[in-house]
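Here is a short briefing on one protein model. Look at the sequence and the structure first, then read the points below.

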Amino acid sequence: MVLFGGRCDPFRCRVYRGTDRKTDPGSPTATSSEPILRRPHWTNVVSRLRLTGLVVHRQSMEITNVETVQLQYEMEEPWGLSRDREVGTRTAAIVVIDTDAGITGIGEGVGPEPYIVERIVEEKYAPRLVGEDPLDIEFLWQTLLTDDLYWDQKGQGVAAASGVDIALWDIAGKYYEEPVYRLLGGDAGGNGQLKAYASDLFWTDTDTMADRAAEYIDRGFAGVKTHLGRGIDADEERVAAIRDAIGDAALMVDMNCGYDRPEAFRAGQMLEEYDVYWYEEPLSPYNVDGLADLRRKLDVPIATGENEYTKWGFRELFEAGAVDYAMPDTMRCGGITEANKICTLAESFGVVCSPHCYTTGVGLAATMHVMAASPATQWLEFDPTDFPLYESLFASSLEVSDGQVSLPTDPGLGVQLDGATVDRYRLD
């Protein structure tokens, strides 16, 4: 018997009762050749097969179409980031996969440029996917990312494949009528919720940042994250004000790769004085040795990974001792398939995973399913603003209370493409 995701997956098969588990239903010794169970509750399938002598014959399903929907939202005010950078729009590339069974999967790939993700998905990946069984998730992942002469080890190709992979898991969950996290192993935390921190404090004047931070703590979040990296004196002014505003709540600081190694070390020393929870992306993602050096010299934990790809990339970080909080982005690192493996790899190295997630509701849902199924994860990154492409994309209302976000209960990811929302924000 092959585990879920293979070409002989027992969870997607017609099931027959026989006198022996190895008995073919067409043989004279079989008691019946009529299907007695279809789409069984996946958590009980293995035990049922073992105890009742059921024989399985798989049903086929094929991918019929693959396309990408580009979305764009113009922000009222731009984000302020390190090194005087600003971002004024939020974009998304939503991958939609149709099947001959009438099941549609929805995913998201963060390139970040959606037009590049669209071209890779529709021109490079779609011809490989149409006609294939969408439940062969691992096989299709390998087909997209390991079958070429020239591999996409990192970057846009992996990001585009991430969107495809997430959509395939959405199809699988809908097929088995289960939330995706149950297919990955169930709720590792056991309480149906994820602890979240508010991620919105982009660079602006000090008072505004401190007031917003206090507001999020008042709403029940146990932690907030801010974006700095515009000079140590200006950074400290904001850190001090935010710390004063939020009291003992967790304060995460993201530098968005804003400093070189000497500056990052001095900034890290300053952050230690304010009991910062983690110090995120102080250096370029290329500077793994520098991250490891900072981690050895500083007491503030190092967080990084949103610009890293696949389990192989994260293995380099872990082996170098360069990270305390690994931050794989499910929409960039290789999808749910790869993010799940990265979490397992992190667990073996004793590293906590806190996945990066600042995207639409599709990406949020994918991240939640990965986190739910892993005992190595902590802190869901949550956007507390009124971003219109966030909670509106969930099939059922997202439950957020006292900084805890309830897991989706609908089959698959638990998301949908709301027609009015898509029409309003779609890029032609």
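Start with helix H4, residues 156–176, which lies across S3, S4 and S5. H4 runs at about 150° to S5. Contact here means heavy atoms within 4.5 Å. Axes are lines fitted to C-alpha atoms, for helices over the stretch in contact, and angles run from 0 to 180 degrees between N-to-C directions. Helices (H or I, at least four residues) and strands (E, at least two) are DSSP runs, numbered from the N terminus.

The model is predicted: local features need pLDDT of at least 70, side-chain atom pairs count only at pLDDT 80 or more, and totals for chains, interfaces and linings use all residues. Residues are numbered from 1 along each chain as its sequence is written, and side-chain values use heavy atoms, with hydrogens and water left out.

**The sheet**

- Three strands form an open sheet in the order S3-S4-S5, and their pairing is antiparallel.
- The edge strands are S3 (63–80) and S5 (104–109), and each pairs on one side only.
- On average, neighbouring strands of this sheet are turned by 20° against each other, direction ignored.
- Two strands pair if DSSP finds at least two bridges between them.
- S3 and S4 (residues 86–99) pair in the antiparallel sense over 13 bridges.
- Val69 has Ile94 in S4 as its bridge partner.

**The largest pocket**

- Rolling a probe the size of a water molecule over the atoms shows where empty space is left.
- A pocket is found on a 1 Å grid over the protein atoms alone, with a 1.4 Å probe; it is an open set of points with protein on both sides within 12 Å along at least five of seven lines, and lining residues have an atom within 4 Å of a point.
- The largest pocket holds about 870 Å³ of space; a volume is the space filled by probe spheres set on the points, which are joined across faces, edges and corners.
- Its lining has 35 residues, and Trp79, Val110, Pro112, Glu306 and His356 lie nearest its centre.
- S4 and S5 are the elements that give two or more residues to this lining.
- S4 gives the most, with six residues.

**The second largest pocket**

- This pocket has a volume of about 480 Å³.
- It is lined by 18 residues, and Glu76, Glu77, Asp200, Arg212 and Thr385 are the closest to its centre.
- S3 and helix H6 (206–218) each supply at least two lining residues.
- S3 has the largest share, seven residues.
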